[in-house]
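Me: I have a model open and want to go through parts of it with you. Can we start with where it comes from and then look at the fold?

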Amino acid sequence: MDNTKKMNIGILGTGHIGKTLARKLAEAGHDVKVANSRGPETIEADVLAFGARAVSKAEAVEGVDVVILSIPLNRISTIAPLIAKLPAETVVIDTSNYYPHRDDKIDAIEAGQVESLWVAEQLGRPIAKAWNAIGSGSFATKGKPAGSPDRIALPVAADRERDRSVAMALVEDTGLDAFDAGTLADSWRQQPGTPGYCTDLSREQMAGALASADASRSPKRRDLAVAVFQERLGDAKTNPDADFGVRLNRVIFM
């Protein structure tokens, strides 16, 4: 498949990241269907502003080239039956991150299993990992045309070349520089608490950030950032201000 052509895309999830994905990918000319857990009638008009269509979860994964999962990690297993029906060649891209205070503790991840490998295990198929390492505020407002000198770079990890190339092409379509971050086994380097996670780095900066990630320290740094957010904002459910979040993450993660 020519990765630059119009793709049929299904998005599961209409939270902060899912909403922006629906808007940006539809604006880029792709055919986008979007679903959430509450039904198509609950999807707000701004999500559909550039042509995405609200559908049921089952309809979202029918006849598509790409399925993007933009749901909390602890809900991955609930959509596994839907994903199991997809053809092997369908590209599945996961945007989730593990936060134990939200997702409940997952023993395998706590013991060191890479989040993306855990997700692939739950789904029983290969995936790509993308759009997990940018804050929702930055994603919604800081995208820039290709070639912009200060364009934010986003790490993309996958095991299959098709998954990687499609995910990277779509990341570029959302106003970000796609950075090849290697295999899913390497994708711990873009998990919460690492230098490349939600720090709005350029392509030139991303290689060093991924290389300097420390698997033993990143969970502690992740939890420290969460504690600071919660203390500063006074509400664990509040979406952080994008600039405050980037500044804090750079101090703690880098």
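Me: What should I know about the model before we start?
Reply: This is a predicted model, in which local features need pLDDT of at least 70, side-chain atom pairs count only at pLDDT 80 or more, and totals for chains, interfaces and linings use all residues. Residues are numbered from 1 along each chain as its sequence is written, and side-chain values use heavy atoms, with hydrogens and water left out.

Me: OK, the sheet. What is the strand order?
Reply: The order is β3-β2-β1-β4-β5-β6-β7-β8, in an open sheet of 8 strands with mixed pairing. Strands here are DSSP runs of E with at least two residues, helices are runs of H or I with at least four, and both are numbered from the N terminus. Two strands pair if DSSP finds at least two bridges between them.

Me: Which strands are at the edges?
Reply: β3 and β8 (177–180), each of which pairs on one side only.

Me: How does β2 pair with β1?
Reply: β1 (residues 8–12) and β2 are parallel, over 5 bridges. L12 has A35 in β2 as its bridge partner.

Me: And on the β3 side?
Reply: β2 and β3 (residues 53–54) run parallel and are joined by 2 bridges. V34 stands opposite A54 in β3.

Me: Is β2 enclosed or open to the outside?
Reply: β2 (residues 31–35) is largely enclosed by the rest of the structure, because 4 of its 5 residues are buried. Buried means under 20% relative accessible area, exposed over 50%, and partly exposed in between, with a 1.4 Å probe and protein chains only.

Me: What unit do β1 and β2 make with α1?
Reply: A right-handed β-α-β unit, with α1 covering residues 16–27. Right-handed means that, with the strands pointing away from the viewer, the path from the first strand over the helix to the second runs clockwise.

Me: How many bridges between β4 and β5?
Reply: 4, joining β4 (residues 66–69) to β5 (residues 91–94) in parallel. L69 has D94 in β5 as its bridge partner.

Me: Now K129. Buried or exposed?
Reply: K129 counts as buried, at 1% relative accessibility. K129 lies in β6 (residues 128–129).

Me: What does its side chain reach?
Reply: The side chain of K129 reaches the backbone oxygen of S96 at 2.3 Å.

Me: Different topic: which non-glycine residues have a positive phi?
Reply: Among them are D104, with a phi of about 65°, and C198, with a phi near 55°. Most residues other than glycine have a negative phi.

Me: Where do those two sit?
Reply: D104 is in the loop between α4 (100–103) and α5, and counts as exposed at 53% relative accessibility. C198 is in the loop between β8 and α9 (203–211), and counts as buried at 9%.

Me: Last one, the second largest pocket. How much space is in it?
Reply: About 250 Å³. A pocket is an open set of points on a 1 Å grid over the protein atoms alone, where a 1.4 Å probe fits, with protein on both sides within 12 Å along at least five of seven lines. The volume is the space filled by probe spheres set on the points, which are joined across faces, edges and corners.

Me: What lines it?
Reply: The second largest pocket has 15 lining residues, with I109, G112, Q191, P219 and R222 nearest its centre; lining residues have an atom within 4 Å of a point. The elements giving two or more residues to this lining are α5 (107–110) and α10 (218–233), and α10 gives the most, with 4 residues.

Key: Polar contact = N/O pair within 3.5 Å; in protein donor to acceptor, adjacent residues only side chain to side chain.
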